[in-house]
Amino acid sequence: MTLHIPFDNSYARLPAALFTRHDPTPVAAPEMLAWNAPLARELGITGDDATAPTATERAAIFAGNRLPDGALPLAQAYAGHQFGGFSPSLGDGRAILLGEVIDTKGQRRDIQLKGAGRTPYSRAGDGRAWLGPVLREYVVSEAMHALGVPTTRALAAVASGESVQRETTLPGAILTRVASSHLRVGHFEYFAARGDTASLSALYDHAVERHHPDARDPLDFLKGVIERQSDLVAKWLGFGFIHGVMNTDNTSISGETIDYGPCAFMDGYHPQTVYSSIDRQGRYAYDNQARILPWNMAKLGSALLALMPDPDAAIDPFTQAVHAMPEMIEARWLKTFAAKIGIAEPRAEDRALIEELLILMQAGSSDFTNTFRALPGNEAQDQIADRGGFLDWVGRWHARLESEPDAPVLMARSNPAVIPRNHRIEQMIAAAVDGDMAPFRNLMAALATPYARADDPGLTRPPAEHEVVTATFCGT
């Protein structure tokens, strides 16, 4: 029995300006490193059992060495604002969309190879990925899914048997990524910048059908994307997650987290935490993510204006939709953080209670995840440097919880015990480079149930001084 992927490729039927048909470049010796069997079943992929395709056969498919029946490989064209500057021509420089499937829940999803070789959009890049970023994205995207955050998923990781040259020579790998689509704000910017209204309109119709079928017009579509992205960023903040590169080409129309490059989860809390090595000005710092999102949505709105019957008349309602975002994000932030301290239905005054705790945490660089996780017991005071100030806060917090009978249950499902900590990811990558995948498997097992107590307490502790990760990298 061979592996069967039930492709149904709608993007490949769009106008040719939206993409370039392009096959993956085969690699020397593909070897399966990780396979997400539950996700494969969810996608309707058959033949994945003990008598069906061997790991060798799967590796050949998901390295790009063998195209499965029904695949129509292509690289998508898009633009993007990167750190505020517009790049009119980006596109899939090292990713190739194999095709789409309708999964077992009736949802259309992309299957994409990342690190599959050069494409017409690669510019000076080699189109490849090295093992570290592939495993990082695999781990973090699956962790985000388990946490309940909208995200792309990881189906497979394959070693290429080839080397990749970065600052040094590194082992190559390919990630198979699954998404409800790979459509980005940058897709719309690409055609708006060229004045190609016909292609922009085709793209818009495709995006509406796929993600916002109730949208009546481009303004309604924009509002739908704004809603999803506002929900997403509030969830990021609630888990201390920092995307690292919130460029418009990394901002999805679906509202899923996409492109895990220099991403990180905060250890010690500080609102201006930055890990990304390329974010030298802190544009995408933890606390700035809620501020940059309206900027990105304004760029989407600007691109969509050309589709309105009277673009000049549409400027005001489009602007109002974007200007409403800070209040929208604030409401979602309050709901998210209120749940973390056991409040199901927050009041306006609860913001002050939450902020007081965050100020106490910031003053002592308290571990973000462990402090919230420890709140129901006495251990939380060990996380706060100002014990007196914390005990005063606890008194007012307990008084507030008198009207919240389900607080312990709410907190238990809002505060994970295990996150993919930066130092554990780096240790896992180092082991994998040496051929040891056991740390990867152990980390994946713990992250699959992040709200449960970890069997390995080492996965919940903050980094020791010598383990602290101060910078993360794109890996391109």
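Visitor: How are H5 and H6 oriented to each other?

Guide: Two packed helices are described by the angle between their axes and the distance between those axes. H5 and H6 are oblique to each other, a word for angles that are not under 35 degrees (roughly parallel), over 145 (roughly antiparallel) or 65 to 115 (roughly perpendicular). The axes of helix H5 (residues 197–211) and helix H6 (residues 218–238) cross at roughly 50° and come within 11 Å. An axis is a line fitted to C-alpha atoms, for helices over the stretch in contact, and angles run from 0 to 180 degrees between N-to-C directions. Helices (H or I, at least four residues) and strands (E, at least two) are DSSP runs numbered from the N terminus.

This is a predicted model, in which local features need pLDDT of at least 70 and side-chain atom pairs count only at pLDDT 80 or more, while totals for chains, interfaces and linings use all residues. Residues are numbered from 1 along each chain as its sequence is written, and side-chain values use heavy atoms, with hydrogens and water left out.

Visitor: Is the crossing of H5 and H6 left-handed or right-handed, and which residues make the contact?

Guide: The crossing of H5 and H6 is left-handed, meaning that the near helix is turned anticlockwise from the far one by less than a right angle (clockwise would be right-handed). Tyr204, Ala207, Val208 and His211 of H5 meet Pro218, Phe221 and Arg228 of H6, where contact means heavy atoms within 4.5 Å. The residues of this contact of H5 with H6 divide into 5 nonpolar, 1 polar and 1 charged. Here Ala, Val, Leu, Ile, Met, Phe, Trp, Tyr, Cys and Pro count as nonpolar, Asp, Glu, Lys and Arg as charged, and the others, Gly among them, as polar.

Visitor: At what angle do H9 and H10 pack?

Guide: Helix H9 (residues 325–340) packs with helix H10 (residues 350–363) at about 65°, and their axes are 10 Å apart. H9 and H10 are therefore roughly perpendicular to each other. Their crossing is left-handed. H9 supplies Glu330, Trp333, Leu334, Phe337 and Ala338 to the contact, and H10 supplies Asp350, Arg351, Ile354, Glu355 and Leu358.

Visitor: Is threonine 257 buried or exposed?

Guide: Threonine 257 is buried, at a relative accessible area of 0%; buried means under 20%, exposed over 50%, and partly exposed in between (1.4 Å probe, protein chains only). Threonine 257 sits in the loop between strand S11 (241–242) and strand S12 (264–265). The side chain of threonine 257 makes a polar contact of 3.0 Å with the side chain of tryptophan 236. Such a contact is a pair of N or O atoms within 3.5 Å; within protein, one must be able to donate a hydrogen and the other to accept it, and residues adjacent in sequence count only if both atoms are side-chain atoms.

Visitor: Which side chain is joined to that of histidine 81 by a polar contact?

Guide: The side chain of glutamate 189 is joined to that of histidine 81, at 2.5 Å. Histidine 81 belongs to strand S4 (residues 80–82) and counts as buried at 12% relative accessibility.

Visitor: How accessible is threonine 470?

Guide: Threonine 470 counts as exposed, at 63% relative accessibility. Threonine 470 lies in the segment after helix H15 (438–447) and touches Val274 and Tyr275, not counting residues up to four places away in sequence.
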